[in-house]
Amino acid sequence: MSTSDTKPQESAAQVTIDGNEAAAYVAHKLNEVIAIYPITPSSNMGEWADEWSAQGRKNLWGTVPTVVEMQSEGGAAGAVHGALQAGALATTFTASQGLLLMIPNMFKIAGELTPTVFHIAARTVATHALSIFGDHSDVMSARSTGWAMLASASVQEVMDFACISHSATLQARLPFVHFFDGFRTSHEVMKISQLSDATLRSMIDDTLIFEHRRRALTPDRPVMRGTAQNPDVFFQSRERCNPFYEGCPSIVEATMKKFARLTGRSYELFEYVGAPDADRVIIMMGSGAETVHDTVAYLNAHGEKVGLIKVRLYRPFSMKHLLKAIPPSATTIAVLDRCKEPGASGDPLYMDVVTSYAEAIRTGIAPATSVPAFVGGRYGLSSKEFTPAMVKGVFEELRKKTPKNHFTIGITDDVTHTSLPYDPAFSVEPADVVRAVFYGLGADGTVGANKNSIKIIGEETPYFAQGYFVYDSKKSGSTTTSHLRFGPRQLHAPYLIEKANFVACHQWFFLERFDVLETAMPGSTFLLNSMHGKEQVWEHLPRQIQQQLIEKNMKFYVIDAIKVATEAGMGGRINTIMQTCFFAISGVLPKDEAIAAIKTSIKKTYGKKGEHVVQKNFEAVDKTLANLFEVKIPARVSNAVELPPAVSAQAPEFIRTFTGTIIAGKGDTLPVSAMPEDGTYPVGSAMWEKRNIALEIPVWESELCIQCNKCALVCPHASIRIKVYDGAALANAPQTFKSMEYKGTEYKGMKYTVQVAPEDCTGCGLCVEVCPAKSKKESKIKAINMHPQELLRLPERVNYDFFLNLPEADRRTVRTDTVKGTQFFQPLFEYSGACSGCGETPYVKLATQLFGDRMLVANATGCSSIYGGNLPTTPWTKNGEGRGPAWSNSLFEDNAEFGLGMRLTVDKNTEMAQELLTLFTSELGDSFVREILEADQSDEAGIYEQRVRVADLKKLLKKSATPEAERLLSLADYLVKKSVWIMGGDGWAYDIGFGGLDHVLASGRNVNVLVLDTEVYSNTGGQMSKATPRSAVAKFAASGKPTRKKDLGLIAMSYGDVYVARVAMGANDAQTIRAFLEAEAHNGPSIIIAYAHCIAHGIDMALGMTNQKIAVETGYWPLFRYNPRLEAEGKNPFKLDSKPPSKQLREFTQLETRFRMLEKSHPERAKELALLAQEDVDERWKLYEQYAKGTNGKPTPAAEHAV
Amino acid sequence: MDLTTYYLGKRLKNPIVPSASPLSRNIDMMRRMEDAGAAAIVMYSLFEEQIEHESFEIDHYLSYGTQSYAEALTYFPEAADYNLEPDQYLELLRKAAQSLDIPVIASLNGVSKGGWIKYAKHLEEAGADAIELNVYYIPTDPVLAGDDVETRYLDILHAVKSTVAIPVAVKLSPYFTAMANMAQRLVNAGADGLTLFNRFYQPDIDINEMEVVPSIHLSDSSANRLAMRWIAILHGKIKASLAATGGIHSSDDVVKLLMAGADVTMMASALLKKGPEHIADVLRDLEKWMFDHEYTSVEQMKGSVSHRSVRDPSAFERANYMKALNKYKLLV
């Protein structure tokens, strides 16, 4: 098809979607091969592409694009490079470190002048800390690759620029990075015009595709590309591409013009908005430009003369076009960068502008007279808010004679004083825009309902609609804040609502946590989900809320949504009820129309999941209005109750002032000086964040307890603790504190207590499920039972405090090799923000109980690094002696190497300490030195004694002032054993980090690898990894994974000297503990592959351990240990620890949505894959049995063929 | 030999009908049953819970934990469509009705007067020749009187009958104070047939785990006595077809139940144990027995030893129990 400049017949459809969907929509239409890899916040683009292809959706040319998940972003870039070389239209999506991993390929793709577009949800690159949020540090790191770069500032632009870049790349032969701000644009839901197929067709010239195919590598017309070149010609070759870069800007310009003719939406390479005679101008790119756009309009309407240049095409940077855009009247120009290049003479965009202008003056393109003053500034790092108030602050600064250069805006920098002041009260929000803020829980469906509301308003009314959602950093019990705007004009407000005319609080307890009315404007409306009726509610409101309702002259409505939901048979899902209330009160739509629209949307959302769920939702809607009441607001405040402080007054200062501020939701107010310089934080902070998220918590029935300690073992949050102690300690026990005689012989005569941390428990119920002790009289009563938390909170808080002060067990006397024994050890990983009922954390916690006081942890990015290290708090903590795991997260892909590095240093330090120690033989005595050097540290007693010796040594060394003594003093602690643990999920171990893991396993070094195998990328939302089993549905495997799971254990065993174990705590806890002990004892590499049930499996999380048991019983997850030491003893190193499968695989897969879903979505394929999956199980069992029976058990090549 | 019988107004080539069981979960097995001589097939049961709760369950697990955490806003890909159990049932029913020559009876199970009843209409539209309505209510509430329970049965039947035009048989449990009266009331309410009896799943107790565990055991011939008695009693007294189910394993069992007055005899356990081809064996044995005993048709045999046809009807009543008791000897 040839290009046509005629306007398409059909009118553009209005859709309400987010930036990721907009980009994916165009990318899926215009590509043939899509290679993907998950990384926040770009994962959704790949997910859309995979889903659409799985559903058979075709591209513009009638074929379903092939979507392939790779093992890393580096792999995705490689695959795209290959696909392009072979002549396909190919693309990928990524962000942050993912983009950085693509850079080597990007240089090549550009060097080979290959047309393609990578869509980037721009995200912060990790520095002193990881951040999933948005800024331009990733795309700026790729600016030297030679790719054209096009920046979108809004969801509409994402769709438009995706198309423009795909069109331009074919013409220009330069590859394009099309980027937009992560989260702010990638996740903002907006009503936009969708590009029709006709428009897309008109924009893509098929002859250029034919040319691209003609350039492809094919044996039918062989050429070679990718040579190696020498000093003689490389340089000249590199310059050969210049004409393409020179030509690119005008191609993009022409493409934008053509696009404008087709759609009516016109863009320019550098687009000026504002007063034609502006004296002050801001130059910037990305979503922040939208904020400046609106602010400029407002300020000019109020008598100022300001302007904005939106940078669209950042590379190739066209000086000519930029100069055209700058108004000659401009005297001061601020160039704003959303990234930081420390040590540079300026941030990148600023440098480009300044250099260009200087060059333009020198070459006479720009007048040498009246040169504007340029200043550079930084804003919005890691999605820091960028508001009209800040924009005004910048323009105010530009009024000054010598405005601050290299400034920051939006923070308080009291260290190097870069920040500009601004008036946070300034707002440009127009009166006719509805601004609604909703506080909900992740679990109550608030966000989903609000996304629906936006769609309803976007699609049913002429209103423009925008939605943005803020989540906290916890995976369980997380709070969500929804920011919705509706207005008669296109909305340009990519910042959170600061002045709301509607506030809804979907959970009562938020009132006691934070000021939900902070953003409420005078005369606004407050909707509260309340168990107290309209007559009673007032008395229960905290003072701050009462006062604001009165002072702000607000309207106030209540509904008991839980009651309505229960009556309608909806359980705790209050989403449609609260949504109905919003429509009923806000008046955005006439009531009847709104209700009809809600019902249509319910039908759309739930229809395919069955009629019944639709009917129940309808019922809930119908019952809502009768239960929604306006509350008459009294004239006076009647409650004196204030919001409690975020953390206890007993907390250390840093926790109170720094951590507490973040917990209270006021982290934005912390100045630069409050920050640790290098990203170092104290451990043990989670204990101060009392989240109280459990509705029910376990209660111990001592008379039924058999003291097995299993409840504590499986507790994912270390919220059940067990101590055995001298009865004398009970003298001052609180009244309700429980204890019993210890039943075993080892602590005969001592007392035993199982204690629950009432405010830290998440209420998952795993402990109750594993408790084996039942009442003889009533089988449903166990030794641990769930009871409502509210009544227990205060007495158990006192009991728990008392319990914590009881002495810890003497590590020298506890039997470490039993389930029971391990649970007398203090966990040094506690109260994490992991999902309620998490299957990973019990393993992590167990490791800290066994080895925590001597542990270094390298933690791969993923769930474990997030619940382990996401501010405000960390679950990693230390014991009474101040010892505990030292933890760090480097990257996703390098974790094994990172951990090996730790080991290398520990070994070197130990070696140096030993070398130095020998120098002191005469001074300290031969036997003392030998005792230290030859100490047996294989058990707790040995380590304890070595610590005593080292303490003595240090005392002696302190007396000596020699340089050697000082050196030894700085290294002496390394004479005590250290345990290096490398932890991460299957995405790391099986996929992105596999190369490194493999190398580390082959290193022979004493590292312990713990693979928390959830069989998907859990942290990014359940994408397939090579650990995903055949027939399971996962993201990127929407039609079920067709291939079998990689057997990582077998691969590790093939080295012969690697300790390997496969464990499942829920199936055999004793084997798990043996594996941990043996792995640690093995003086070489060891790897434990631990089955971790996961929320991404679609299971009842309370039954996670039961599912593990069935996984083992069906042969789905056989247990084994491979201990090279046994081989040295002439024994079979391979020990199969589980019994032959006693059940069909189906009995396991039926329990989990990840398998069952395939039966619902692809029934025929599900049958086929289920058969193959059963074969996988059978064959693997046969193979393992061979090893178990074999003389040396080593997997031989022949045995591997038998698989 | 004329094995023809009439059931729910339909002429069947013989009195052997596989009752609701997992065997009818796929079309190939249904074909094998037809090939082995089945005169009609009652398809496996579609349960109220499946209709009512499956969609909830799917929605629950697919949305559990979603929209809570910025990096993982969902955990599963969205499918274009969900092939729910009721949809699968209708699809299979449609296929069976099209490809089998024998009548296909759909089985709908439920306990309440809910929205699930409208599925009867879908079953009819999918081509079911008749519906077997199985009300399996276990009245655990001590406040609920027998009359309330009976009313529930009648209400559900009413609701189904008013939805469809095809015949409806009611599969009953034996736990009625006045079984005969209940049968009559159901017929008055529009039941075209009664299937006697439903075997309730009987849970067991694991004494080590102190847990209630499912226990499924297949029937044997001794189980058909209950149906035999009540079919014998009801035969000729109510205007509805009678189907015997539970414990029909051999041709002797078939003969007995026909003599008691059944219009059809339904098999499940025997076919699960021996495979669908067992139908052919039973039919062959039946014909042989009839030939040996000089019967020419099933109609001849039907009800020949029913309550009203035997010389001593009390044999089906209390005397039977007395006699049995009198003959009983202590074994220990």
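Predicted model: local features only at pLDDT ≥ 70, side-chain atom pairs only at ≥ 80, totals over all residues.

Where the two chains meet, 32 residues of chain B are in contact with 39 residues of chain A. On the side of chain B that touches chain A, helix 2 (residues 48-63) of chain B gives the most, with 9 residues. By class, that side of chain B divides into 18 nonpolar, 8 polar and 6 charged residues.

Within chain B, 8 strands form an open sheet in the order 3-12-11-8-7-6-5-4, and their pairing is parallel. Strand 3 (16-18) and strand 4 (41-47) of chain B are the edge strands, each of which pairs on one side only, while neighbouring strands of this sheet are turned by 25° against each other on average, direction ignored. Inside the sheet, strand 8 (residues 193-196) of chain B runs parallel to strand 11 (residues 241-245) of chain B and is joined to it by 4 bridges; here B:Gly193 stands opposite B:Ser241 of strand 11.

Helix 7 (residues 225-234) and helix 8 (residues 251-260) of chain B pack at an angle of about 25°, with their axes 8 Å apart. Angles under 35 degrees count as roughly parallel, and helix 7 and helix 8 of chain B are therefore roughly parallel to each other. Helix 7 of chain B contributes B:Ala227, B:Met228, B:Ile231 and B:Ala232 to the contact, and helix 8 of chain B contributes B:Lys256, B:Leu257 and B:Ala260. By class, this contact has 6 nonpolar, no polar and 1 charged residues.

Chain A is divided into the domains listed here.

| Domain of chain A | Residues |
|---|---|
| Domain 1 | 14-219 + 236-262 |
| Domain 2 | 268-409 |
| Domain 3 | 434-573 + 585-590 |
| Domain 4 | 907-975 |
| Domain 5 | 1015-1201 |

The centres of domain 4 and domain 5 of chain A, taken over C-alpha atoms, are separated by 44 Å.

Chain A also holds an open sheet of 3 strands in the order 24-26-25, with antiparallel pairing, in which strand 24 (720-725) and strand 25 (740-741) of chain A are the edge strands. Strand 24 of chain A is joined by 6 bridges to strand 26 (residues 751-756) of chain A, the two running antiparallel, and A:Tyr725 stands opposite A:Lys751 in strand 26 of chain A. Helix 25 (residues 789-805) of chain A lies across strand 24 and strand 26 of chain A, running at about 130° to strand 26 of chain A.

Conventions:
Residues numbered from 1 in each chain as written. Chains lettered and ligands numbered in written order. Contact = placed C-beta atoms within 7 Å. Nonpolar A, V, L, I, M, F, W, Y, C, P; charged D, E, K, R; others polar. Axes fitted to C-alpha atoms, helices over the stretch in contact; angles between N-to-C directions. Parallel < 35°, antiparallel > 145°, perpendicular 65-115°, else oblique. Pairing = 2+ DSSP bridges. Domains from an automatic or database assignment.
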